[in-house]
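Good morning, colleagues. Please bring up the sequence and the model, and I shall take you through selected parts of the fold.

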Amino acid sequence: MIHPQKLIKRFQWPTPSSLNQTTQLHAHFIISGAAIPHPLSYPSTAHLSSRIPNPSTFYYNTLIRAYSRFHLPHLSILIHRQMITNAVPHDSHTFQFLFKSCSLPSMSLLHDDARWVFDGIGMKDVVSWTTIVAGLARAGCLDDARKLFDEMPERNVVSWTSMVSGYSQAGRAAESVEFFKKMISDDVLPDTVAMVAVLSACGQLRDLGLSKWVHQYVIDAGIGMSDNLAVALIDVYAKCGDLNSARQVFDLNGWKVLPAWNALIDGYCKVGDVDMARSLFDQTEVRDLITFNSMICGYIQSSQLKQALHLFVELRTSGFQPDKFTMVGLLSACANLNSLDQGKALHAYIEVSSIVFDVFLGTALLDMYAKCGRMDEALLVFNRMRDKDVMTWTAVISGLAMNGKGKLALEHFALMRKLSIRPNAVAYIGVLTACSHSNLVEEARKHFHEMTSLYNLEPEVEHYGCMVDILGRGGLLEEAVKLIDSMPIKPNAVIWGSLLSACRVYKNVDVGEKAAKNILALEPNEDAVYVQLSNLYANSGNWASASKIRRLMEERGIKKTAGYSSLSVAGQVHKFIAGDRCHPEINEIEAMMNVMAKKLKLAGYLPITSKISVDVNEEEKEQALFLHSERIAIAYGLMRLGASLPIHITKNLRVCEDCHIAIKLIAKIWNRKIVVRDRSRFHHFSDGQCSCNDFW
DNA sequence: GTAGGGTTAG
């Protein structure tokens with residue numbers, strides 16, 4: 001027989017009252033001398049009640065409730081059937097417990113037994129009605145819940161709140177607020193719980209005006225404050241970015257409970273004020289895992305990775321175990337840093353730890369692998385995941401797109417739709433990126449159209465950006481310009497930038513000048529524009545204009561962003577800047593680069609010097625190409641990484657055409673896999689080929 | 001022994 005304490009531990013009962021329940025349950029087993037049923041075997045309980053003299057309704061109710069809490073709905077139902085056999089009368093509690101048990105996710109909603117009590121025996125007081133309505137709402141069956149709600153002969157705050165929070169939890173925040181407003185116009189006075197429910201909907205909507213109105217309502221209606229309401233207000237203000245109002249609520253005396261601190265710290269992190277968040281963090285007398293997680297994620301999102309790591313160590317020395325929130329934060333840091341090694345270490349840690357592997361964690365893990373260029377690993381994680389939602393699918397689609405598997409990305413998109421998962425705007429960015437990187441113009445047009453016609457999603461700047469990019473790369477400059485002119489929203493610098501780079505490829509000076517003018521109006525200090533425009537002139541042989549732009553750049557004091565590449569060797573990140581000789585092993589690196597140059601020449605490599613717009617002689621141009629940072633990084637990788645290891649490079653700018661040709665050859669000559677993550681995508685070089693099929 | 005909420009993530 002399993003000792004009750006062990007069982008309690010196993011199920012991690014959180015509150016003293018549930019401990020009482022468990023004790024009562026086990027008291028029954030101990031008195032009756034029966035073995036405690038194993039959760040996986042659903043034994044007959046026929047023998048149980050026969051040993052207890054005159055089992056009462058209360059006694060049965062307690063058992064049904066305890067089993068429900070143990071997540072053993074089948075046993076609850078067995079006990080209930082016994083109750084019927086023994087002709088023990090029901091009361092309204094019987095119904096609550098039975099229904100609660102039957103509305104567990106593992107059971108079909110409104111199980112026959114619960115339905116029978118509700119309909120057949122007629123436990124139709126407000127509480128029973130509300131139980132059913134709330135159960136349906138929680139399960140996301142809002143239309144059913146609504147129907148039943150409308151049929152209710154009598155409703156109270158709790159019934160209304162069940163609906164408000166049902167809509168909010170289903171992500172239908174606007175309807176949730178509507179319902180709340182209907183509630184007040186129905187003269188039902190909300191209490192603090194109702195206010196918390198509606199505030200959660202306001203938070204989803206990020207609607208500051210609405211939130212302020214709700215706050216004012218709390219004051220005007222004299223609802224009063226509670227810990228939870230104060231936390232909800234702080235949280236909603238933080239979500240809307242109004243940290244001053246959040247602070248005001250926080251500073252009201254008496255509501256500085258830990259969740260309030262946490263909500264405020266998180267709020268400051270979200271608006272990017274990590275310093276203020278840290279100062280609050282340091283003022284907390286008690287901290288929990290949430291305090292640490294919020295602060296760590298705040299550091300990660302502001303790219304202060306060292307600080308994040310420090311705090312992670314502090315979290316552990318404070319006696320906390322990292323949980324899934326911690327892991328998701330750290331994984332996203334690895335994804336953005338392209339730190340495959342560290343990401344793998346986290347993966348290994350997750351495997352051996354007791355952290356529950358859920359959709360969030362799975363998505364973060366697969367995203368990390370995808371963003372580190374390991375689509376094979378990412379797909380393994382993806383296929384292993386039991387639950388997948390829009391974000392999961394989006395991560396895999398975008399990952400495939402970035403890694404040059406456009407067709408496969410679109411296949412996944414089709415599969416996702418087949419599984420009735422509704423794509424959102426972000427998913428469509430992934431889809432369009434896939435089209436862009438695989439040159440699928442026709443597909444792109446189709447999907448761009450469908451996002452509105454099928455899913456009623458308004459294209460955002462990013463979607464237009466992808467389309468302009470796709471059309472531009474395909475040489476359809478006129479159509480791209482037409483699309484920009486037809487946009488209902490103001491085109492941003494990125495869109496004009498895509499057009500400009502297309503103009504450079506197709507040598508269209510007129511449209512290019514127009515694009516450049518528009519970018520400079522929006523971002524006068526954007527160095528890339530000057531460079532691109534000057535390259536465009538150079539490409540079309542107009543050296544005078546090219547150098548004029550260069551001079552303009554100098555006059556305005558705009559410096560070209562230095563290109564750099566980095567790679568990680570044994571956990572240490574090495575950063576290389578074009579032409580930079582600071583690395584301690586620079587002599588060996590240069591020797592290796594000379595070997596590279598010789599071998600490339602033997603393999604028939606001819607540098608493309610026309611892309612260099614500065615007016616210098618051919619030999620100097622050739623030299624400049626050889627000093628591109630990615631080549632230095634590759635040389636270092638060849639020197640220091642074991643021959644069987646792929647070389648993973650991260651670059652802050654795009655790979656130039658010449659380097660692309662050279663790296664393909666290097667991969668063939670050295671028989672190495674080389675993966676370059678540039679500003680917009682991945683290049684997987686192997687055996688003289690690149691995954692992008694020379695299209696980027 | 002009955003119904004409604006509740007701060008951190010991809």
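Ile495 is buried, since its relative accessible area is 0%; buried means under 20% relative accessible area, exposed over 50%, and partly exposed in between, with a 1.4 Å probe and protein chains only. This is a predicted model, in which local features need pLDDT of at least 70 and side-chain atom pairs count only at pLDDT 80 or more, while totals for chains, interfaces and linings use all residues. Residues are numbered from 1 along each chain as its sequence is written, chains are lettered from A and ligands numbered from 1 in the order in which they are written, and side-chain values use heavy atoms, with hydrogens and water left out.

Ile495 belongs to helix α30 (residues 493–505); helices (H or I, at least four residues) and strands (E, at least two) are DSSP runs, numbered from the N terminus. Leaving aside neighbours within four places in sequence, Ile495 is in contact with Val461, Tyr464, Gly465, Val468, Ile484 and Met487, where contact means heavy atoms within 4.5 Å. Between the C-alpha atoms of Ile495 and Ala480, which are 15 residues apart along the chain, the separation is 9.8 Å.

Which residues touch the most other members of the largest nonpolar core? They are Met195, Met295 and Leu499, in a core of 167 residues. A nonpolar core is a set of buried Ala, Val, Leu, Ile, Met, Phe, Trp, Tyr and Cys residues joined through side-chain atoms within 4.5 Å. Helix α14 (residues 227–239) supplies the largest share of this core, 8 residues. The core lies between domain 1 (1–123) and domain 2 (480–561), because both give residues to it; the domain bounds come from an automatic or database domain assignment. A second, separate core has 31 residues, among them Met592, Ile647, Cys659 and Leu665.

I turn now to a pair of helices. The axes of α16 (residues 258–270) and α18 (residues 289–301) come within 9 Å and cross at roughly 5 degrees. Axes here are lines fitted to C-alpha atoms, for helices over the stretch in contact, and angles run from 0 to 180 degrees between N-to-C directions. Helices α16 and α18 are therefore roughly parallel to each other, a term for angles under 35 degrees. From α16, the contact is made by Leu258, Asn262, Ile265, Asp266 and Cys269, and from α18 by Ile290, Thr291, Ser294, Met295 and Gly298.

Next, Ser168. This residue sits in helix α10 (residues 157–169). Ser168 is buried, at a relative accessible area of 3%. Not counting residues up to four places away in sequence, Ser168 touches Ser176, Ala197, Ser200, Ala201 and Gln204.

Two loop residues deserve mention. Most residues other than glycine have a negative phi. Ser303, in the loop between α18 and α19 (305–317), has a positive phi, near 60 degrees. Ser303 counts as exposed, at 56% relative accessibility. Asp687 has a positive phi near 50 degrees and lies in the loop between β5 (682–686) and β6 (689–690). Asp687 is exposed, with a relative accessible area of 52%.

Finally, the chain as a whole. Chain A has 37 helices and 6 strands, and 49% of its 696 residues count as buried. Of the contacts in chain A between residues at least 6 apart in sequence, 62% join residues at least 24 apart.

Note on methods
Angles under 35 degrees count as roughly parallel, over 145 as roughly antiparallel, 65 to 115 as roughly perpendicular and the rest as oblique.
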